[in-house]
Amino acid sequence: MSEAAQNVAQKLIASHLVSGSLEPGAEIGLRIDQTLTQDATGTMVMLELEAMGLDRVKTELSAQYVDHNLIQEDFKNADDHVFLQSACQRFGIWFSRPGNGISHAVHQERFGAPGKTMLGADSHTPAAGSLGMLAIGAGGLEVALAMAGEPFYTKMPEIWGIELTGQLPDWVSAKDVILEMLRRHGVDGGNGRIIEYYGPGLAHLSAMDRHVIANMGAELGATTTVFPADEEVQRFLKRQGRGEAYTPLVADADCRYDVTDRIDLAQLEPLIARPSSPGNVVPVREAAGEAIYQAYIGSSANPGYRDFAVAAHMVDGRAVAPGVSFDVNPSSRAMLETLTRDGLLGPLLHAGARLHQAGCNGCIGMGQAPASGRNSLRTTPRNFPGRSGTPEDAVFLCSPETAVASALHGVITDPRDMDMEYPRISDPEDPVINDAMLQAPLPEAVARQVELVKGPNIASLPEIEGLPDSLDLPILLRVGDDISTDEIMRAGAEVLPFRSNIPAISSFVYDRVDPNYPSRAQEAGDHAIVGGNNYGQGSSREHAALAPRYLGLRVVVAERFARIHWQNLINFGVLPLTFAESADARAVQRGSTLSLRHLHDALSAGDTVKAELDGQPISLKHGLSARQVELLKVGGLINWMRERQQAAST
């Protein structure tokens, strides 16, 4: 192999590397070209930009989408929409208005470009990897720093090459490819890795098929997912009227991968993830016959034309079964217009579809919650407990083909049992392009005159003090493996309207796991939490770190952390530690006291921290870089950035 031979991920990283090396595990700094924020995370990002004193974003392009909190049952969401619009005008950011569509779908249509890096305050930002981008999900504070021109720091991942061969059989689609990955490798199989797909099977996957697969790489815990920028990407961009954005980007013929796997697409069958984990995957035939209440198509994880068109052809001349709620969520306004033009909405509506506005909607628990004790089949990316908005939900993840076949029969149905030919759909050469609800950044001179518009629910960020050198902390909570950020800080219509009000949203921290945790935390003050493996999987919402910190959380000790949440804890001054010995992990109980002494020196001296649990010595690990240790000492990224700016001005 030539020393210069590189895969796509290595090429993307090398072309944006500002510090570090491509050695897996080493800290690297990356130049960021684009950023993506949405309204569940963007309000915090804009408040953080204000706290930093930023005048104007320094990226090539930054875009803010309003796609999560679309229900306006009172003033809170509407006020935040106005605030975000004013912040975009002030800081030089593209603004996608409410109802324009899901951030990932709209960004792919209008802004995505091969060879670019993107940092997004949404864990499904890697969907843009379908175009040959290096797109990484992160906490809002890191995105704010990227918007301020700072590099993004992370540990260099391993590159996990997945060779695709063959062609998908009838009634099997891209969703089944990523469900197969989850079936094989579970929800933490991609931890510390970038997934790169290659091989002859790619020729049969459209750009939006690749979007489905890249989007749900987040459910494997991967840093991101990348595809090559090939002729299919060129076709997609040309259809979107952006052919000039295409640059070819493919792996060198003799490149290597750190880890490999292979999927023969021709051997796949319809798959489904049972409640309540994306990794709980079985063949649809094993779940067939179970009654359903809801079948839901759309979302960032199935946003393409074919996903809706296949559904329309399947229901044409038919009706959904009695008692089934058939929910259709268009991914973008332009997609909705294209489906209308092509006569595909009529069959869906006539069959009984409930058509919702273009946005995330039920995927994030913002409406469309299923009935209690009833099964919901969804083409969304996640089925974490309670995420749908129903506390005791039973959400299955599947392809549009499986969801629609089940809606027609009233029970979970293998789509291969449909009495019809498989609808073969090609993306239109002339999709509707509508930029009317995308507002471009104002000229800088005009932008400087714009005032931020803050409603009564928008509170300033709380001050965070630095990490003390010694701590004696009661352990207020003990949780198990695969705790998600939805369990730490749930989403949904009840909670998310308080996303720009940390004191108010903190009352919901861990409330589905331990309803008394918020009150106990306020009473105890400084405290610790102990978790299991893969702690903090799922959403990039930094509220899952900031709100517990507001309640006094100082340290989380776990067996292993999910990447984004681990960094979010550091960003807001919470020390993440892991157990050096598994026996110590088993011994810790709620009510124990964790004691740490000479902490600053210990963090700087090496990876091991000596501690005591109820007076007995234990060893803990931290895995922090020198830069991250400094962040913790000063109380997180905002304080660090503020100190840098003050030093630069003197």
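## Strands that pair

Two strands pair if DSSP finds at least two bridges between them. The model described here is predicted. Strand S24 (residues 575–579) and strand S27 (residues 616–621) pair in the antiparallel sense, over two bridges. Thr578 stands opposite Lys621 in S27.

S27 also pairs with strand S26 (residues 608–613). This pairing is antiparallel and has six bridges. Ala611 has Ile618 of S27 as its bridge partner. S26 and S27 form a hairpin, with two residues between them. Asp614 lies in the turn and has a positive phi of about 50°.

## An open sheet of three strands

Now for a sheet with strands S1, S2 and S8. The sheet is open, its order is S1-S2-S8, and its pairing is antiparallel. Which strands stand at the edges? They are strand S1 (17–19) and strand S8 (152–155). Each has a single partner strand, so one side of each is left without a neighbour in the sheet. On average, neighbouring strands of this sheet are turned by 40° against each other, direction ignored.

Look at one pair in detail. S1 and strand S2 (residues 27–30) pair in the antiparallel sense over two bridges. Here Leu17 stands opposite Leu30 in S2.

## Helices H2 and H3

Helix H2 covers residues 39–52, and helix H3 covers residues 75–91. Their axes come within 10 Å and cross at roughly 45°. The crossing is left-handed.

H2 brings Asp39, Gly42, Thr43, Met46, Leu47, Leu49 and Glu50 to the contact. H3 brings Asp80, His81, Phe83, Leu84, Ala87 and Phe91. The residues of this contact divide into seven nonpolar, three polar and three charged.

## Helices H4 and H7

Helix H4 (residues 103–110) meets helix H7 (residues 207–215) with axes that come within 12 Å. The axes cross at roughly 140°. That makes H4 oblique to H7. This crossing is right-handed.

Which residues make the contact? On H4 they are His104, Ala105 and Gln108. On H7 they are Ala207, Met208, His211 and Asn215. The contact of H4 with H7 has three nonpolar residues, four polar and no charged.

Conventions:
Residues numbered from 1 in each chain as written. Predicted model: local features only at pLDDT ≥ 70, side-chain atom pairs only at ≥ 80, totals over all residues. Heavy atoms only, no water. Axes fitted to C-alpha atoms, helices over the stretch in contact; angles between N-to-C directions. Helix = DSSP H or I, 4+ residues; strand = E, 2+ residues; numbered from the N terminus. Left-handed = near helix turned anticlockwise from the far one by under 90°. Contact = heavy atoms within 4.5 Å. Nonpolar A, V, L, I, M, F, W, Y, C, P; charged D, E, K, R; others polar. Parallel < 35°, antiparallel > 145°, perpendicular 65-115°, else oblique.
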